[in-house]
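This report was prepared for a reader who wishes to inspect selected packing features of a protein model. The sequence and structure are shown first.

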Amino acid sequence: MLKTPYFSIFSLENLSEALSLIKSKSSGIDKEFLSNFKSNATSHLKTIHHELESGSYTPQPIKKITIPKNDKETRPIALASLRDKVVQRTLVNAIEPYFDKLMSNKSYGYRKDKSTIKAIGRCRDYINRGHFWIYKTDIDNFFESINHDRLLSILDSHIADKKIVRLISLYLQNGGFSRYDYVEHKDGVHQGDILSPLLSNIYLNEMDRYLERESVEFVRYADDFVLFFAESKKIEKRVSALKGFLKTLSLKLGDDKSYKSYIFEHGFDFLGLFFYKKEIKIDNARLQKKFSSMFEIAREAKRPKEFVKKMNQFTDGLSRYYLKIISADSKQFSMMYDELIEASAQFVYLQRKSAKITTKKAFKEPFLDLYLLKETTITEHKESVERIISKGFEKYLAGKSYTKDESSIKRSKQKYAKSFASTSVLYVSQIGAYLGMNKNSITVKLKGKTVAKIPKKQCEQIIIAGKAISLSSNMVYLCAKEQIAIDFVDSRDTPFASILTAKNAYPKMALMQLELLVQKKNLYLAKKFIQGKAKNQLNYLKYLDRYHNELDETIESMEIKIKQNIKNVHSTAQLMGYEGEISMLYWQALVIILSDKSNFKGRVNRGASDLVNSALNYGYAILYSRVQNALHRAGLALHISFLHSMQDGKPTLVYDMVEEFRAFVVDRAIVSMVNKNEPLKLDSKNLLTTKSRELIVKNVKERLGVYTKHKKVSKKVENIILDQAYMLARHVRGEDKYKPFIGKY
């Protein structure tokens with residue numbers, strides 16, 4: 001019986017000690033972070049102490065989030081407030097030693113002086129003693145299935161001071177907020193709470209003791225465990241009896257993950273390792289993931305010192321677990337060593353390719369601190385470093401020499417593609433102009449004289465940007481038939497009308513789009529549109545940083561936000577909030593890039609009076625038209641959107657898809673024009689001059705007409721827009737999964 005009194009547990013000294021042990025950087029519903037809490041620790045701890053003594057203490061609701069469990073599943077996580085973490089840590093410090101003594105020595109998860117290494121050692125011992133038959137299983141939805149009454153009954157039988165049991169009962173019943181909705185908590189323990197690992201072990205110790213009474217050998221780590229048998233005939237009977245016992249705990253086995261195995265034929269996996277015969281290897285999927293992580297470090301690190309630091313942290317983790325299990329002369333160790341060398345050489349290659357570092361010397365000194373998994377002499381280590389650096393430079397030089405001729409062909413191809421693209425848009429702004437047909441050409445006449453002509457086969461878009469401009473019905477018929485977009489823009493370059501063929505208006509598609517909204521499946525598409533936009537903004541900044549070297553911090557911040565935030569959003573409103581944060585960083589970076597060339601202070605959507613924003617708005621108008629035309633050709637309903645709110649009379653689906661092309665097409669064209677001092681001007685009314693508009697049309701169309709790599713194929717950007725529209729239509733019909741366009745720079 002645990003006889004420690006409630007009041008002696010929660011002394012100010014114990015609360016202070018508990019605070020010193022908390023390392024969590026996350027905040028709960030109170031939005032209080034550890035550094036702020038500690039800065040006023042005395043006051044906080046006195047308040048908590050008073051509440052605990054007076055009996056007025058109540059845990060604050062938890063903040064509920066989800067994190068990826070694997071590629072398909074998510075795991076619910078509870079974030080308690082700091083005050084509750086302090087109380088829970090104090091409680092665990094006091095009661096854990098008592099309960100730990102009662103637990104089976106075959107339980108290895110969340111226990112002092114126990115570890116995965118020791119669990120693996122126990123498995124190895126059973127196998128060496130002839131237990132070649134195993135039953136590998138886990139508890140289905142364990143943490144969410146623990147019965148509160150049963151758990152409290154167990155605790156009540158061991159804890160003398162019932163105030164402690166009542167406090168634990170409060171934590172078990174404490175619900176939480178998922179976004180803005182309160183969720184009751186009637187079963188289970190909160191994953192993420194400091195108290196939960198101890199409570200889960202106390203609960204499953206009932207099963208451990210049952211297995212010991214039945215003389216079943218086992219190794220358990222949290223809710224995963226392996227049963228070991230010397231012969232196969234007893235397995236079914238023992239497992240069936242175990243299932244019956246678990247019902248008394250309101251638990252059941254995760255049958256879809258359970259399996260019987262004979263280690264000399266099939267082997268089994270446990271704790272990220274694969275046991276076969278009397279050998280232990282790293283699970284192949286886990287090993288490949290580790291290799292991928294090495295190359296991810298190579299891609300993301302900005303400088304040699306940063307690469308060495310991150311890679312050493314990674315290999316230190318390998319050394320503390322996997323390298324204690326596999327031997328240095330094993331094939332897997334050799335593979336790991338080789339991949340480390342390759343990943344390090346890849347980092348050198350990427351740095352050299354981007355021209356951020358051009359000499360071998362810049363790598364040598366930082367790389368001397370790189371741990372290469374083996375203890376070697378100083379001379380041998382230096383030789384390994386030399387080999388890594390040389391390998392990276394050789395890869396760079398090989399790629400440079402073999403692609404020299406191909407690059408010149410590509411440049412020629414892009415030159416003519418731009419030329420053709422820039423002449424495929426007819427821009428009309430003269431007051432009183434008349435558009436009509438003349439044999440196989442579209443003509444523009446002013447006072448009876450032909451001032452412009454374009455072959456109908458070459459024309460892809462007509463922009464009408466002036467007053468009192470007329471067009472013939474024959475020409476409208478031709479454009480509808482040939483899928484030539486006719487777009488009207490106002491004096492501020494905002495599209496206000498389009499003429500499209502009625503052929504592709506499919507009511508069925510509109511119903512399917514609405515069905516996605518009704519079933520709340522629009523968030524997937526909304527995420528993809530914003531992922532495309534954010535990654536293209538990020539990649540464009542990386543491209544600019546090759547020449548400016550001023551954007552490292554911004555790029556790093558954007559990468560973190562894209563990686564951590566977008567993937568885990570639960571609503572389009574939350575998604576748009578993160579998109580706003582990422583875009584703000586992006587535009588601040590472009591302010592820096594353009595500071596010497598313009599008075600650009602940041603992004604202005606409507607009513608822009610500065611040159612850069614006016615140029616961007618006009619470029620976007622051209623892009624909107626191209627995206628709208630593509631969506632229309634794909635048969636999609638333009639007014640039913642998945643990211644932007646639907647608005648009467650507005651093609652909001654166009655606003656959705658245009659997001660992933662903004663940076664790659666328009667931003668790059670306009671920033672390039674400004675940096676090259678091309679003659680962009682505003683008139684006395686702060687509107688773009690006619691010549692400026694024509695120049696923007698030319699440059700944006702060139703961007704739409706260039707070839708870029710997409711899905712391993714070289715394609716024109718304007719064709720990629722059409723491909724994306726058709727992919728979106730297939731997604732709506734349930735035939736495909738939509739993936740955003742990520743441009744190559």
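## Basis of the model

The model is predicted; local features need pLDDT of at least 70, side-chain atom pairs count only at pLDDT 80 or more, and totals for chains, interfaces and linings use all residues. Residues are numbered from 1 along each chain as its sequence is written, and side-chain values use heavy atoms, with hydrogens and water left out.

## Nonpolar cores

The largest nonpolar core holds 83 residues, of which Tyr618, Leu631 and Leu728 touch the most other members. Helix H23 (residues 611-633) gives the most to this core, contributing twelve residues. A separate second core comprises 63 residues, among them Phe99, Leu199, Leu204 and Phe225.

A nonpolar core here is a set of buried Ala, Val, Leu, Ile, Met, Phe, Trp, Tyr and Cys residues joined through side-chain atoms within 4.5 Å. Buried means under 20% relative accessible area, exposed over 50%, and partly exposed in between (1.4 Å probe, protein chains only). Helices (H or I, at least four residues) and strands (E, at least two) are DSSP runs numbered from the N terminus.

## Helices H8 and H9

Helix H8 (residues 148-156) and helix H9 (residues 162-173) have axes that come within 10 Å and cross at roughly 160°. H8 is therefore roughly antiparallel to H9. Axes are lines fitted to C-alpha atoms, for helices over the stretch in contact, and angles run from 0 to 180 degrees between N-to-C directions. Angles under 35 degrees count as roughly parallel, over 145 as roughly antiparallel, 65 to 115 as roughly perpendicular and the rest as oblique.

On H8, the contact (heavy atoms within 4.5 Å) involves His148, Leu151, Leu152, Leu155 and Asp156, while H9 supplies Lys162, Val165, Ile168, Ser169, Leu172 and Gln173. Six of these residues are nonpolar, three polar and two charged. In this scheme Ala, Val, Leu, Ile, Met, Phe, Trp, Tyr, Cys and Pro are nonpolar, Asp, Glu, Lys and Arg are charged, and the others, Gly among them, are polar.

## Helices H25 and H26

Helix H25 (residues 662-675) packs against helix H26 (residues 690-705) at an angle of about 130°, with their axes 9 Å apart. The two helices H25 and H26 are therefore oblique to each other, and their crossing is right-handed.

From H25, Phe664, Val665, Arg668, Ala669, Ile670 and Met673 meet Leu695, Ile696, Asn699, Val700, Arg703 and Leu704 of H26. By class, this contact has nine nonpolar, one polar and two charged residues.

Glu51 lies in helix H4 (residues 41-54) and counts as buried at 18% relative accessibility. Leaving aside residues up to four places away in sequence, Glu51 touches Ser56, Tyr57 and Arg83. Asp208, in helix H10 (residues 196-213), is buried with a relative accessible area of 0%. With the same exclusion, Asp208 touches Ser104, Ser107, Phe218 and Arg220. The C-alpha atoms of Asp208 and Lys106 are separated by 7.9 Å, although the two residues are 102 residues apart along the chain.

Leu435 belongs to strand S13 (residues 434-438) and is buried, with a relative accessible area of 0%. Its contacts beyond four places in sequence include Leu426, Val428, Ile462, Ser470 and Met475. Leu435 and Ser470 are 35 residues apart along the chain, and their C-alpha atoms are separated by 6.3 Å.

Methods: Left-handed = near helix turned anticlockwise from the far one by under 90°.
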